[in-house]
Protein chains: 2
Amino acid sequence: MQMKTIAVIASCDTKLKELTYIKKFIENAGHRVLVIDISIGIEEPQGFDIPREDVIAASGHHWENVKNLSKGELMELAVSGITKLIPELYAQGKFDAVFSMGGVQNTSVAVSGMKQLPIGVPKVMLSTVASGNRTFEPLVGTRDIVLIPSIADLAGVNTITRTVMENAASCVIGMVNNAGKPLGNSDGVVVGTTLMGITNDGVCSAINHLTSKGIETIGFHSTGVGGRAMEELAAGGTINAVMDLTIHEITSEYFGGGFSYGAPDRLTMLCRLGIPLLVSPGGLDFVDYPLDNMPKDIDKRKYIRHNAQLAHIKILKHEGIDVAKITAERLNQSKSEVTLLIPTNGFRKNTRPGEPLYDKEVDDAIIETLIENIYNDNVIVKYVDANLNEESFGIAAANEMIEILKRFGKLDANFDI
Amino acid sequence: MQMKTIAVIASCDTKLKELTYIKKFIENAGHRVLVIDISIGIEEPQGFDIPREDVIAASGHHWENVKNLSKGELMELAVSGITKLIPELYAQGKFDAVFSMGGVQNTSVAVSGMKQLPIGVPKVMLSTVASGNRTFEPLVGTRDIVLIPSIADLAGVNTITRTVMENAASCVIGMVNNAGKPLGNSDGVVVGTTLMGITNDGVCSAINHLTSKGIETIGFHSTGVGGRAMEELAAGGTINAVMDLTIHEITSEYFGGGFSYGAPDRLTMLCRLGIPLLVSPGGLDFVDYPLDNMPKDIDKRKYIRHNAQLAHIKILKHEGIDVAKITAERLNQSKSEVTLLIPTNGFRKNTRPGEPLYDKEVDDAIIETLIENIYNDNVIVKYVDANLNEESFGIAAANEMIEILKRFGKLDANFDI
């Protein structure tokens, strides 16, 4: 078993007892600890590997000049500093994994750093705020941060904190011992694609078709996180071709809310990457809102109850025109060929004639607006006479993707579709 | 390193590839796998350690009689079955830790079982739904479930799923190798107490005072989870004395919503346990609501912005009377002595004269209603002339707790306060 270095992010003033306990526990398991101090109080912790002065310095400030700022302002500097410092230290090979524990403030600062690390690098957050009515987004973003509810307040080493701290530290120890390999650039073709429940059948047909041909294809749930995660992985080179079949997050962004809100600027970066890219307007025609917090004009809208919490709401014609314009503008930024594959019989489940979210006027307006507003010759528009959630659409999309990969030289010209 | 058994909860029809991969990975690390099949599809998986027939049987049904029910109905049976089966198998010593991975349905079923296990038993959930705008509550409840966002859809073994699956399995391996001890009954005195940001100063004074006397005291955040977690640990014997200084969750329950909603029937079980118990009405005078989803009559109410997301809203007089009645009713169920310690100058931060949530009429109504409605002679009422969030209140509460522990014979009669 190789000795690894685990960075421990901690407030070395208020959490010294807990830090000391964890450090010893990790060292007893045969690994090194690199302590990163994120304290912002008036006490002056000394002798830690990365002092708080370095964290604040990474934010562009000198500790001595800012130490009298308010707690809130200092926390912002700590967030900004750790966001820069963690990826720098990781790139310098200073640690192999990162661990932190604490309350709301410590958690905010620590996860800001963890979110900058590649997927696969072990990241463990033992937190008092990983429970109840809080949401995941601020804690994990698009990263594989291991979250552990601390059950009790993390103050002192007692019956409960000892148990959860030992388990949490054992997670990071287990990962550095047995796995913990960061994702890097892929050698072969790795296709990313997007789906959600209401495009699942169509997209899974596409995935299965590509996979059956030996083309690795990875699905992401485009419900506010997955689309963003896929784009980041494409920018980083882990994913090197994209079949973006569910761009619903663009509609959520336009509405400024709803369950799938949280993935801004979808498509923009993708279109600039110059990688093999196929786009379809999956889910562009609806928004999802909690049943207890619906848009004010819900009475004028067509909607269905998707589950016990959520409604799926068909957008109105003028909104369809708006989101189609936004989509066209983003496609127009393409630096190399992009295929826009349009299903002519609905962009999701439940939108065929006779189904509850069928609205031909809205769907046609989206298609017409897309066509009218695309002026970049790199964008190739094609149609499939199907609903996006049908198997026939999925297979058509997969075959189209194979042709694109051939044109990009990623597959042999004789590759059999 | 001792060989342990890790239960893997999986849908053995749709997730067979992933299950096979994880099983081999865990076995290569030197441990046994106990596969628990929770599939509900039409395929008939065979040869797994705990077949789905056993899961459904634990819900009181025969698979053959129910297998044609809808997916939703079968899922409910699987939840009900796994909720009974997991603690049974654990009690029989059939496994030492539990692991699962999957999408929304698999996650719902698996965590229902994990929530039945004691804190400390390793529980790992690799899930597609541990991200975005979802909340923690349905996934973790009051337990230390290790949550890992899967980043990509968990379909097949690919560049990304391989990485997150290996890391997730390594967490459970690390815990069984290095920690993973379940909490049990405590021998010495272990005091549980409740706090939140707005009672933090007072309660921490109490904790520090008790801790300085060598009395182990553990804080729980009563924001919809902690109060419930503490009561469960008291019922289980890990905590054997309680200083319940923040019962704000009673007000959230009365309102039927808000950030701290989710801990029903607070105090009821505690009062019946017959353990040393001190209660104070901390935070009983307000509710917390998201700024974007405030009560409809917010214009008539006194409130402050607590942070970027939440408002703290003083309740009205008639509401104060209602929550005080509810509290009194619960205290009246006490089987042995309970001390109600009332601070006469406000139940939380910002409620002293001149402070933004000061409202003497409401606070007095709460105190008067409490007194008028307590008829059980087991309830001893005492007053402290302070605000609950002040150090002097905390020390008074701690000293009162010491006297209670003495009367219960948990501390020597000569113990020095």
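In which strand of chain A is the place of Tyr383(A)? Tyr383(A) sits in strand E14 of chain A, residues 379-384 (strands are DSSP runs of E with at least two residues, helices runs of H or I with at least four, numbered from the N terminus).

A word on the model: it is predicted, with local features needing pLDDT of at least 70 and side-chain atom pairs counting only at pLDDT 80 or more, while totals for chains, interfaces and linings use all residues. Residues are numbered from 1 along each chain as its sequence is written, chains are lettered from A in the order written, and side-chain values use heavy atoms, without hydrogens and water.

Tyr383(A) is partly exposed, at a relative accessible area of 47% (partly exposed lies between buried, under 20%, and exposed, over 50%, with a 1.4 Å probe and protein chains only).

Now to where the two chains meet. Here are the interface values:

| Item, chain B and chain A | Value |
|---|---|
| Buried area | about 5000 Å² |
| Share on carbon and sulfur atoms | 63% |
| Salt bridges | two |

Buried area is the accessible area (1.4 Å probe) that two parts lose on being put together, summed over both. In chain B, Asn133(B), Phe136(B) and Ile151(B) lose the most area to chain A, together 15% of what that side buries.

One salt bridge (a side-chain nitrogen of Lys or Arg within 4 Å of a carboxyl oxygen of Asp or Glu) joins Lys181(A) to Glu166(B), whose closest N and O atoms are 3.7 Å apart. H7(B) gives the largest share of the side of chain B that touches chain A, twelve residues.
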